[in-house]
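Hi,

Here is the structure I promised to pass on.

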Amino acid sequence: MKSNSHIATQIVKIKNDLPDTARLVAVSKFHPCEAIKEAYDAGQRLFGESRAQELKEKYEQLPKDIEWHFIGHLQVNKVKYIAPFVSLVHSVDSIGLLKEINRQASKYNRTIDCLLEIHVAQETTKYGLTFDECTTLLQSEEFARLEHIRIKGFMGMASYTDDTAQIEQEFHQLGTFFRQLRDDSSIPNTDICELSMGMSHDYLLALKEGATLVRIGTTIFGERIY
Ligand SMILES: *Cc1c(COP(=O)(O)O)cnc(C)c1O
């Protein structure tokens, strides 16, 4: 089985690049459960998906010791599909979404770990908060009331470019912000320790700037079939 060894080989290769402080989120969106199972058999337990219903279906079919992260844009009306089991939502960019995650989490008697997504790329189409919006949100009364939310850190995507200096600069900004807030223990409902940045083409740059979670799909599973 050639494909089997490919997925396993890629996972081993990436893990060799990771320092002890960083973990691999294997991004399995649009890939079938069989591919996830191959990664699972190679020892991978942490997976990322970007659609709520797809994630729910995969959760139901696959082993229960998988840690599922949600990494895509999450619509408020889809939170219910993943609230019972999701380990970390990387892509929160509004107080409205946080409130719904909080509401669903309380229903299941859970606290759901979340990252705030920050927009650092030049492209205007991507989601995310500015650094100022992020700070304002964390300092708001509304946020302080969300007792079923724990903000674990931040997520970002760099510009899609070959300009390494540009990517480095964006990751550096995120890293600096992350380290500032990590050292500020006065914010309620937070335990800031995660910085999610870096994908197939730029994860080595992200690691240099202190990423603790890298989200890698294509390098492991190949091109996505839509
Ligand atoms: C798809 C996706 C990834 C993985 O991208 P690759 O280039 O396939 O490694 C990472 N992060 C997010 C938010 C994604 O949607």
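Below is what I found, starting with the whole chain and then going through some places in it.

A word on the ground rules. This is a predicted model, where local features need pLDDT of at least 70, side-chain atom pairs count only at pLDDT 80 or more, and totals for chains, interfaces and linings use all residues. Residues are numbered from 1 along each chain as its sequence is written, and side-chain values use heavy atoms, with hydrogens and water left out.

**The whole chain**

You'll find 10 helices and 8 strands in the chain. Helices (H or I, at least four residues) and strands (E, at least two) are DSSP runs, numbered from the N terminus. Along its principal axes, the C-alpha trace spans about 55 × 45 × 30 Å. How does the radius of gyration of the chain agree with that of a compact globule? A compact globule of 226 residues would have a value near 17 Å, and the chain has 17 Å, so the two agree. (That radius is taken over C-alpha atoms, and the globule rule is 2.2 Å times the number of residues to the power 0.38.)

Buried residues make up 49% of the 226. Here buried means under 20% relative accessible area, exposed means over 50%, and partly exposed is in between (1.4 Å probe, protein chains only). As for contacts (heavy atoms within 4.5 Å), take those between residues at least 6 apart in sequence: 61% of them join residues at least 24 apart.

**Helix 5**

Helix 5 covers residues 95-107. Its 13 residues should span 18 Å at 1.5 Å a residue, and the end C-alpha atoms are 18 Å apart, which agrees. (The expected span is 1.5 Å times one less than the number of residues.) Its buried residues include Leu-97, Leu-98 and Ile-101. The partners that the buried residues of helix 5 pack against include helix 4 (79-82), strand 5 (112-119) and strand 6 (149-157).

Leaving out residues up to four places away in sequence, Glu-100 touches Val-76 and Val-79.

**The loop between strand 1 and helix 2**

Two residues to look at here are Phe-30 and His-31. The loop joins strand 1 (23-27) to helix 2 (33-41). Phe-30 counts as buried because its relative accessible area is 18%, and His-31 is buried too, at 6% relative accessibility. Not counting residues up to four places away in sequence, His-31 touches several residues, among them Glu-54, Lys-58, Phe-221 and Arg-224.

**Positive phi angles**

Most residues other than glycine have a negative phi. Phe-30 is not a glycine, yet its phi is positive, about 65 degrees. Asn-189 is not a glycine either and has a positive phi of about 55 degrees; you can find Asn-189 in the loop between helix 8 (164-182) and strand 7 (190-196). Just after helix 5, Asn-109 takes a positive phi of about 60 degrees.

**Gln-122**

Last stop: the loop between strand 5 and helix 6, where Gln-122 is placed. Gln-122 counts as exposed because its relative accessibility is 55%. Setting aside residues up to four places away in sequence, Gln-122 touches Ser-159, Gln-166 and Glu-170. Gln-122 and Tyr-160 are 38 residues apart in sequence, and their C-alpha atoms are 8.5 Å apart in space.

Cheers
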